[in-house]
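This report looks at one protein model with attention to how charged side chains pair. The sequence and structure come first, and the description follows.

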Amino acid sequence: MDRYPDILEDILHFDEDSDDEWDMLLAETKREEESRSKRRNKHRGSVPGHRIIRRGRVEGHERLYHDYFAPNCVYDAFFRRRFRMGRPLFLRIVNGVEQYDPYFVQTTDAIGNLGLSSLQKVTAAFRILTYGTPADSVDEYLRIGESTAIESLRRFVQAVIAVFGDEYLRPPNNNDIARLLAIGEQRGFPGMLGSIDCMHWKWKNCPTAWQGMYTSHCHEPTIILEAVASQDLWIWHAFFGLPGSLNDINVLERSPVFATLTEGRAPPINYRINGHDYTMGYYLADGIYPNWSTFVKTIPCPQGLKRKHYAAAQESIRKDVERAFGVLQARFAIVRGPARFWDEETFAYIMKACIIMHNMIIEDEGATNDNDFDGSGENPIVQVSHVHTPEFVDFIQTHHQIRSNASHSQLQSNLIEHLWQRYGQ
């Protein structure tokens with residue numbers, strides 16, 4: 001009786017001959033009851049109309065554990081093939097993600113039933129990333145619903161970026177630059193820091209209103225990734241998110257690839273080619289890139305043995321970034337096939353997480369010759385600087401040095417002579 005004090009007071013003072021007021025009072029009572037019911041269902045209990053599927057989550061976890069993680073697991077020889085990495089590295093990622101985000105910690109519901117384990121959620125995210133399959137395809141084996149698999153994927157890629165991004169997706173420090181310069185010297189290109197290029201990722205569910213802006217040369221909506229890779233396929237720079245209608249020059253104009261160099265914060269680089277001293281490193285690029293002092297391009301239709309030898313060497317070594325794109329797409333099929341999500345933010349998280357795990361696999365498998373990539377040594381923790389910042393004039397001067405056509409031509413000529421003297425004769 002105390003649930004509707006206002007309504008009962010209206011009943012006591014209500015005129016019995018007024019049927020309209022009685023109908024209005026009943027309607028108001030019904031609306032109040034429906035409102036209370038909706039508020040109760042919002043906070044607890046099942047959602048009316050939803051089907052409840054008893055998936056057997058515990059049995060799914062036990063099957064997954066005995067298949068891949070037990071001491072004498074069933075598919076021990078197939079782990080790297082199906083997870084794209086070794087078991088210790090995978091468990092390291094699982095532990096880091098679980099410590100960062102409580103979502104991946106296994107819990108119990110109100111009646112004591114165990115929820116999904118961290119292995120189930122992370123494995124579901126991995127299967128979607130590595131095989132590029134729809135989210136509901138992991139339900140039969142892992143016993144995880146489609147919506148939960150999508151939520152696990154979103155949280156997993158964000159956790160990977162937060163936990164491992166500073167270590168495995170960063171610009172090279174002093175030790176890295178010294179190693180990259182030594183590799184470039186051995187390959188005949190002193191001062192080379194890697195190769196640069198762009199890759200397009202198809203966007204299947206691009207909104208119709210945006211398709212004109214995102215449609216690329218392949219006549220489908222795409223999103224662009226600009227990357228810099230070295231010989232070991234380590235990706236040092238990743239700039240992702242621009243629409244596919246832009247070309248490589250438009251992407252370069254918006255890219256922060258030379259931001260630290262322009263701001264005067266880049267580590268010093270000094271090398272000599274054919275008797276000339278240089279203080280800025282460079283990247284190998286294809287023909288669409290501008291004639292800047294920080295790019296070394298091939299020669300179209302070269303004439304003479306020296307130029308032909310240089311063009312062959314440049315085009316061969318420049319394929320490092322193409323190889324990196326190929327390995328990235330082979331390991332994570334989600335970035336090779338059409339993307340099925342709707343928002344660009346999720347694409348950016350997925351791409352960055354895949355690049356981070358790609359670099360982690362390279363380090364784990366020894367392709368980097370046991371080099372240290374943790375940013376230690378000569379790259380200390382960044383502190384707030386109170387020293388005098390570079391003047392605007394210095395900024396403009398560095399900006400013009402990067403875009404100098406004369407320096408580009410001189411560097412190319414010196415490299416032609418250097419390669420011919422070293423390998424051609």
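## Salt bridges and their surroundings

In this predicted model, aspartate 277 has a relative accessibility of 57% and therefore counts as exposed, since it passes the cut-off of over 50%. Its salt-bridge partner is arginine 272, with 3.0 Å from N to O between the two side chains. Arginine 272, at 52% relative accessibility, likewise counts as exposed.

The wider setting of this pair can be given in a few totals. The protein has 425 residues, of which 43% count as buried, and its secondary structure comes to 17 helices and 7 strands. Among contacts between residues at least 6 apart in sequence, 68% join residues at least 24 apart. The protein exposes about 23500 Å², and carbon and sulfur atoms supply 51% of that area.

Side chains of opposite charge can pair when their charged atoms come close.

| Residue | Partner | N to O distance |
|---|---|---|
| Arginine 87 | Aspartate 76 | 2.7 Å |
| Arginine 272 | Aspartate 277 | 3.0 Å |
| Glutamate 220 | Lysine 202 | 3.2 Å |

Arginine 87 forms a salt bridge with aspartate 76, and their closest N and O atoms are 2.7 Å apart. The pair links distant parts of the chain, 11 residues apart, with arginine 87 in helix H5 (residues 87-100) and aspartate 76 in the loop between helix H3 (57-68) and helix H4 (79-83). Aspartate 76 counts as partly exposed, because its relative accessibility is 45%.

Which parts of the chain does the pair of glutamate 220 and lysine 202 link? The closest N and O atoms of glutamate 220 and lysine 202 are 3.2 Å apart in their salt bridge. This pair joins the loop between helix H10 (211-214) and strand E2 (222-229), where glutamate 220 lies, to strand E1 (residues 192-202), which holds lysine 202, and the two residues are 18 residues apart. Glutamate 220 is partly exposed, with a relative accessible area of 33%, and lysine 202 is also partly exposed, with a relative accessible area of 36%.

Beyond these pairs, the model also contains a network of salt bridges, in which Arg80, Arg331 and Glu365 are linked.

Note on methods
Residues numbered from 1 in each chain as written. Predicted model: local features only at pLDDT ≥ 70, side-chain atom pairs only at ≥ 80, totals over all residues. Heavy atoms only, no water. Helix = DSSP H or I, 4+ residues; strand = E, 2+ residues; numbered from the N terminus. Buried < 20%, exposed > 50% of the residue type's maximum accessible area, 1.4 Å probe, protein only. Contact = heavy atoms within 4.5 Å. Areas by Shrake-Rupley, 256 points an atom, 1.4 Å probe, with all protein chains shown as cover. Salt bridge = Lys/Arg side-chain N within 4 Å of Asp/Glu carboxyl O.
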